Amino acid sequence: MYSFLFFLILEIFGLLFLVLSFSVIVFYFILMALSGLEMRDFLRKNRFADYGDIITSPIAPGVSILAPAFNEGQSIVQNAQSLLSLHYGKFEVILINDGSKDDTLEKLIRSFELEKTNYVYHPEIETKPVRGIYRSKNMSYRRLTVIDKENGGKADALNTGINIASLELLACIDVDCILSSESISRMVRPFMEETNKKVIAVGGVIGIANNCDVQDGTVTKYRIPETTLGRFQVIEYFRAFLMGRMAWARINGLMLISGAFGFFRKDLVRAVGGYFPKTVGEDMELVVRMRRYMDEQKIPHKVGFVPDPLCWTEVPESEKVLSRQRNRWMRGTIETLQLHQVLRLNPKFGILGMVSYPFWSIFEKAAPIIETAGILYTTILLIVGDFSTIYFVALLLMMYLLSLLVSSFSVLYEQIAFNHYKDKKDLRKLIWMIITEPFIVHPKVVYWGLLGHIDFVKGKGGWGSMIRTGFKKAEDKKNLQEQTTT
Amino acid sequence: MAKSLCRIVISLLFFLPGFASALQDTIPEDSAGFRDFLVLQKEVPGLGARFFVAGTRTLDLNTPDSAYGFAQVDSGYLSPIYIDFLQAAELEGLLLSDSVPYRLDYMVLSEPASAAAAREFVAGRIRSGDYLVKTGPEDEVEDLVALASNTRYAPVEKFRLKFVSDYRLFGVTLTIVFFFLVAIIMITSMLIMKAGKNKRENLQKEYSRLIVDPLTTLLFEKDLGEIQAMDQSELDSFFPKNLMAKPLYQHELIDSIIGLNKKMKGDFKEKLKALYKKLGLDKLSVKMLHHKNWDMATMALVQINEMDLVEALPEVKKFTNSKNFHVRSMAVSTLLNLSEKVDLVFLRDQTYPLSHWQQMNYLRIIRFVSPQKDLKLGILFDSKNRSIRLFGIKLVRILGRVDMIEKLSALAGGVSDEEKIEILETYAALGAYMESAFVNECLRSENPSLSLAAAKAAAVVGDAESAEILLELVQSETVFRNKLAYLKGLYGLDAARFAEFTSSDSHPELQDIRDHILDPMLQNV
Amino acid sequence: MKKILIIEDDKLISSLVQFRLKKDGYETHLVADGNEGILAIDALIPDLIITDVMMPFRSGIEIIHHAKQSQPDTPIIVLSSLGEEEQVVLEAFNLGVADFVPKPFNPNELAIRVKRILK
């Protein structure tokens with residue numbers, strides 16, 4: 001009797017996995033094709049682009065750069081200096097000292113001759129109290145504003161900056177990012193090209209700076225990282241940015257802009273109430289909320305993407321830090337999807353609701369669970385001695401080949417478009433990484449994702465009920481303060 | 001899914017024990033009867049039969065062509081184990097007809113056993129329901145019951161294969177085939193593309209190497225008049241005919257000339273342009289305008305623009321309303337750049353919204369040509385396209401065309417708020433004091449963004465009435481940010497009124513705002 | 001004969017310059033990128049260096065740095081690309097380049113400048 005229940009379950013799973021693996025294959029082929037097309041168009045477009053104009057043109061929009069800093073005393077002055085030396089006409093740099101416990105603020109005050117101003121901080125978006133807003137009398141630092149506030153996390157710090165920003169566009173960045181001097185002019189372009197569809201946000205590529213030479217804000221010599229985890233992330237970032245996001249940008253289905261480097265329209269960010277400080281995935285959540293808002297208002301819109309290499313960051317190479325990052329990403333994804341369940345397969349939200357949301361639910365959120373189940377399933381089949389095992393083993397093998405194919409194509413795209421890793425040895429190492437990654441790193445990533453699920457269920461963060469009910473409307477975040485206090 | 005569920009339920013039913021209990025006494029007690037019974041059953045799983053012929057026989061029992069196929073052992077010959085009793089019976093008949101003495105051994109689970117033991121084994125099987133007795137001759141139609149009970153002996157996978165695996169097998173095979181098909185197509189097309197690209201690149205390199213020398217000599221050895229007077233044979237001596245026939249070579253030549261043109265000054269530029277026409281490359285550019293790929297068409301426009309191919313302008317005009325963003329942008333740029341008399345009608349009639357990117361490009365050209373050419377900006381105000389009108393107003397501001405204020409003033413009454421905001425900014429930038437009535441009207445607007453823009457403008461071009469309105473607005477305004485903006489406007493317009501208002505009022509909020517506005521470090525925030 | 005090193009990635013430009021300078025009787029050497037440029041400076045010990053600013057591998061500024069260190073007396077002419085930043089021009093002059101020729105330029109004019117510097 002039990003044995004047949006067992007077989008019944010096996011059978012249902014078999015069917016599910018079959019459908020899943022088929023759709024994985026189809027989806028990835030579509031993604032590859034779309035990103036290929038987008039890459040081709042991008043390269044063609046760049047032939048006619050003249051970015052020199054943007055820097056001085058009165059038509060170009062102003063950009064407020066928001067960079068939260070927490071205990072960055074070591075490097076804050078240098079980072080601020082490189083931000084101030086970006087090549088652009090109309091921009092300001094707002095550094096937000098998020099209640100650092102070190103000498104971040106003191107160093108800034110000393111280096112940039114800052115003085116406390118009489119700025120009346122009257123927030124539109126609720127934030128933690130601001131202790132002071134500093135500016136410099138020295139004209140060379142006229143673009144710099146430093147906010148000193150009580151600690152409240154990255155989202156809260158950014159919200160403080162959003163309240164103060166005075167220009168049309170917001171560039172939300174991680175303060176330790178290395179930005180190319182022309183990054184603003186390149187990222188501003190999609191906003192300027194807007195015709196029929198409102199461009200609400202633009203995302204950029206994040207490059208990996210580990211083990212590379214950096215000079216004047218640009219990576220001058222690319223070398224792949226020394227560690228396996230570092231190399232794995234090189235491949236992963238290629239896949240995510242050159243393949244994934246390119247493809248999503250093509251069908252206007254982008255749901256995520258990297259928190260380390262994203263541009264937004266300020267009035268819109270304010271209209272939806274800024275970042276949501278209670279989720280760990282604040283970057284993704286904001287984009288989804290903005291898109292949802294635009295759809296609720298029935299305004300045609302798009303989220304742009306610029307594949308130029310403009311921003312680099314040091315990625316964690318230690319297993320401990322990386323596992324925490326992945327755990328957080330997973331929770332962020334789950335939370336965002338939870339908060340905006342209305343989107344799920346809702347034709348009102350177009351591609352976002354019908355394609356992006358389901359894709360993220362299955363291939364990002366549920367992926368670790370599905371993969372674990374898949375491995376368990378095949379193992380059980382093997383133990384039972386089921387005849388069709390070989391087919392499922394073949395299927396697994398094919399998934400492996402698919403991963404090889406996808407990774408190789410993304411490396412190929414990188415080679416075609418930018419060709420950064422010029423050393424043949426580096427390339428060989430990358431290829432070796434592609435081959436071994438599914439066995440040595442991928443299981444860990446899956447495991448960390450599972451831990452993220454577990455932590456989510458355990459309710460890490462303590463605002464579970466809010467997330468579980470979700471926002472009724474995109475603007476609801478604005479009224480959140482009243483909701484949570486009453 | 002439902003189908004396979006059904007199958008499982010059916011199989012479950014047949015697995016209920018007890019079916020066979022009534023049949024167990026149908027096994028004959030005597031050995032001949034038992035033999036017949038087995039022949040009727042044909043096969044009983046686990047049970048087999050073997051024949052033994054003793055001694056060394058003249059009969060070739062073990063030769064390959066013999067019907068027996070016996071194996072020789074120490075004391076005689078041993079047949080293979082038969083599990084099909086029908087076959088066993090046939091062999092027995094053969095042995096009998098050849099009158100060979102033999103012994104029949106039953107094999108229970110591959111171990112020799114007596115007839116009684118074999119009988120007991122079969123009975124046991126029947127009792128446990130593991131074997132179902134056939135009572136009549138073999139029924140050709142598949143017997144579900146028999147089949148179902150048969151399967152209990154078969155290892156699990158056999159059961160699975162027959163019932164369930166078919167769709168999975170099919171699905172998996174389909175997926176695998178699909179994967180490999182697409183993967184192979186992708187990889188081969190990638191390889192073909194790459195090979196083609198490599199070949200092209202090598203050719204390009206070769207051609208550009210071939211171009212360098214003749215082009216350099218031409219530019220230094222000949223003056224402009226000589227280049228224009230060159231005849232075909234002379235040209236051929238520099239750029240051979242056979243090469244000129246190749247599109248890739250032409251392409252390289254065009255690129256080289258345009259690249260040089262960008263980086264050269266003085267008479268070199270003239271020489272390059274003359275050469276371009278002399279070689280007939282201008283015709284190629286015009287032809288390329290109609291290329292189906294937008295990037296080629298745009299490239300053609302760039303060439304026309306760079307080489308001043310004025311005669312192509314009527315053709316270019318057709319592309320100002322192209323549905324491709326880049327083509328129409330470049331077409332407009334070319335027209336602005338090359339037209340003798342810049343007639344902005346084509347811009348006015350554009351139906352696509354003008355992006356900021358395009359505005360920036362057109363502005364650069366207009367700025368460049370406006371000192372030499374008479375620009376009738378007013379035309380843009382008549383456009384049905386709002387973004388074009390907005391651009392027109394912006395141009396007035398950026399080019400500092402004070403003479404256009406009158407036109408703007410006539411326009412200002414009946415336009416959208418967005419345009420009004422642009423006009424207000426322009427008034428402020430040009431110092432149009434006479435337009436304060438319009439500013440005041442906008443200050444009273446219900447639309448906060450228009451009212452705020454008016455407050456900004458009032459700081460520069462407002463009058464006494466503006467100050468009054470601003471004070472009213474400050475008092476009635478509830479949004480802090482707007483309050484600050486109105487007070488800023490007031491401060492810019494009339495610092496004395498501002499000081500009076502903020503100091504006499506004891507409200508601490510106003511004092512804070514005053515400190516904010518007066519803080520020199522916050523001037524340009 | 002005076003030796004002139006031309007570091008420029010645009011083949012056409014460099015050969016135009018070379019052609020013109022050869023006519024004036026100089027010995028000219030072409031290299032197409034920054035790395036080669038630095039090698040050539042040390043190997044040739046030229047009497048004059050003409051260098052572009054925007055180039056593959058190493059910028060003109062790096063080349064000027066190198067040249068000023070290894071052969072401080074060799075004059076350098078910088079050929080700047082279109083729309084070069086003011087900052088770069090200033091930096092180049094600070095490093096002590098002899099002349100600065102912005103593109104678009106006239107090769108005849110460049111030849112005159114070369115003659116004046118090498119006198």
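1. **Helices α11 and α12 of chain B.** In this predicted model, α11(B) passes α12(B) in a left-handed crossing. (A crossing is left-handed if the near helix is turned anticlockwise from the far one by less than a right angle, and right-handed if clockwise.) Helix α11 spans residues 247-263 of chain B and α12 spans residues 267-278; they pack at an angle of about 160°, with their axes 9 Å apart. That makes α11(B) roughly antiparallel to α12(B). (Angles under 35 degrees count as roughly parallel, over 145 as roughly antiparallel, 65 to 115 as roughly perpendicular and the rest as oblique. Axes are lines fitted to C-alpha atoms, for helices over the stretch in contact, and angles run from 0 to 180 degrees between N-to-C directions.)

2. **Ground rules.** This is a predicted model: local features need pLDDT of at least 70, side-chain atom pairs count only at pLDDT 80 or more, and totals for chains, interfaces and linings use all residues. Residues are numbered from 1 along each chain as its sequence is written, while chains are lettered from A and ligands numbered from 1 in the order in which they are written. Helices (H or I, at least four residues) and strands (E, at least two) are DSSP runs, numbered from the N terminus.

3. **Who meets whom in that pair.** Ile257(B), Leu260(B) and Asn261(B) of α11(B) meet Lys269(B), Leu272(B), Leu275(B) and Tyr276(B) of α12(B). (Two residues are in contact if their C-beta atoms, placed from the backbone, lie within 7 Å.) The residues of this contact divide into five nonpolar, one polar and one charged. (Ala, Val, Leu, Ile, Met, Phe, Trp, Tyr, Cys and Pro count as nonpolar, Asp, Glu, Lys and Arg as charged, and the others, Gly among them, as polar.)

4. **A helix pair in chain A.** Helices α12 (residues 367-384) and α13 (residues 389-417) of chain A have axes that come within 9 Å and cross at roughly 150°. That makes α12(A) roughly antiparallel to α13(A). The crossing is left-handed. Thr378(A), Leu381(A) and Leu382(A) meet Thr389(A), Phe392(A), Val393(A) and Leu396(A). The contact residues divide into five nonpolar, two polar and no charged.

5. **The sheet of chain A.** Ten strands form an open, mixed sheet in the order β3-β4-β5-β2-β1-β6-β11-β8-β12-β7. (Two strands pair if DSSP finds at least two bridges between them.) Strands β3 (114-116) and β7 (178-179) of chain A stand at the edges with a single partner each, so one side of each is left without a neighbour in the sheet. Helix α9 (residues 282-296) of chain A packs on the sheet, touching β8, β11 and β12.

6. **The sheet of chain B.** Five strands form an open sheet in the order β2-β3-β1-β4-β5, with antiparallel pairing. Its edge strands are β2 (71-73) and β5 (111-113) of chain B. Neighbouring strands are turned by 40° against each other on average, direction ignored. Helix α4 (residues 115-128) of chain B lies across β1, β4 and β5, running at about 35° to β4(B).

7. **Where chains A and B touch.** The contact takes 50 residues from chain A and 46 residues from chain B. On the side of chain A, α1(A) gives the most, with 13 residues. That side divides into 24 nonpolar, 12 polar and 14 charged residues.

8. **Chain C.** Strands β1 (residues 3-7) and β2 (residues 27-31) of chain C pair in the parallel sense over five bridges. Lys3(C) has Glu27(C) as its bridge partner.
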